[in-house]
Amino acid sequence: MIKSSLLLVLLSIAASSVLYADTHNMYEATYEMEKDSTSVHIGDALPAMEWVTSSGKVMHESDLPADHPVLVVLFNPMCDHCQHAASMLWGELPVQKDLTIVFLTGLNLKEYMNDFMKAADVKEQPRFMIGAT
């Protein structure tokens, strides 16, 4: 497990709400998981993860930088709010030089990832990944 910072951003369509992560002022937050009452904090090690990028490459948490913050965003590729958030975060990459952003969706939505990238006007690169898990 790597010691990257973890900030989990949940974009909820059902509630029609978007949690905007202000990358200039990432406030420390805690997400309490009701299922087993385990706490996940910013700075915790990432759990074991595997995802497939839009180009078909299989990635793991060990492929992420161990010494820089990682922003993980759970998203729906057909969601306008998610597309807007991706576009905004893409624009922050030149400012946030150490930040790696990983957008993850469900495997059942993998076929829509390329459309999402076009709509959000983003490109996959080592610091900005879009995948399905």
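A crossing of two helices is called left-handed if the near helix is turned anticlockwise from the far one by less than a right angle, and right-handed if clockwise. The model is predicted, so that local features need pLDDT of at least 70 and side-chain atom pairs count only at pLDDT 80 or more, while totals for chains, interfaces and linings use all residues. Residues are numbered from 1 along each chain as its sequence is written, and side-chain values use heavy atoms, with hydrogens and water left out.

Helices (H or I, at least four residues) and strands (E, at least two) are DSSP runs, numbered from the N terminus. The crossing of H1 and H2 is right-handed. The axes of H1 (residues 80-92) and H2 (residues 113-120) come within 8 Å and cross at roughly 60°, where axes are lines fitted to C-alpha atoms over the stretch in contact and angles run from 0 to 180 degrees between N-to-C directions. H1 and H2 are therefore oblique to each other, given that angles under 35 degrees count as roughly parallel, over 145 as roughly antiparallel, 65 to 115 as roughly perpendicular and the rest as oblique.

| Strands | Sense | Bridges |
|---|---|---|
| S5 (residues 50-53) and S6 (residues 58-60) | antiparallel | 3 bridges |
| S5 and S9 (residues 128-132) | antiparallel | 2 bridges |

Glu50 has His60 in S6 as its bridge partner, whereas Val52 stands opposite Ala132 in S9. S5 and S6 form a hairpin with 4 residues between them, and Gly56 in the turn has a positive phi of about 95°.

Notes
Two strands pair if DSSP finds at least two bridges between them.
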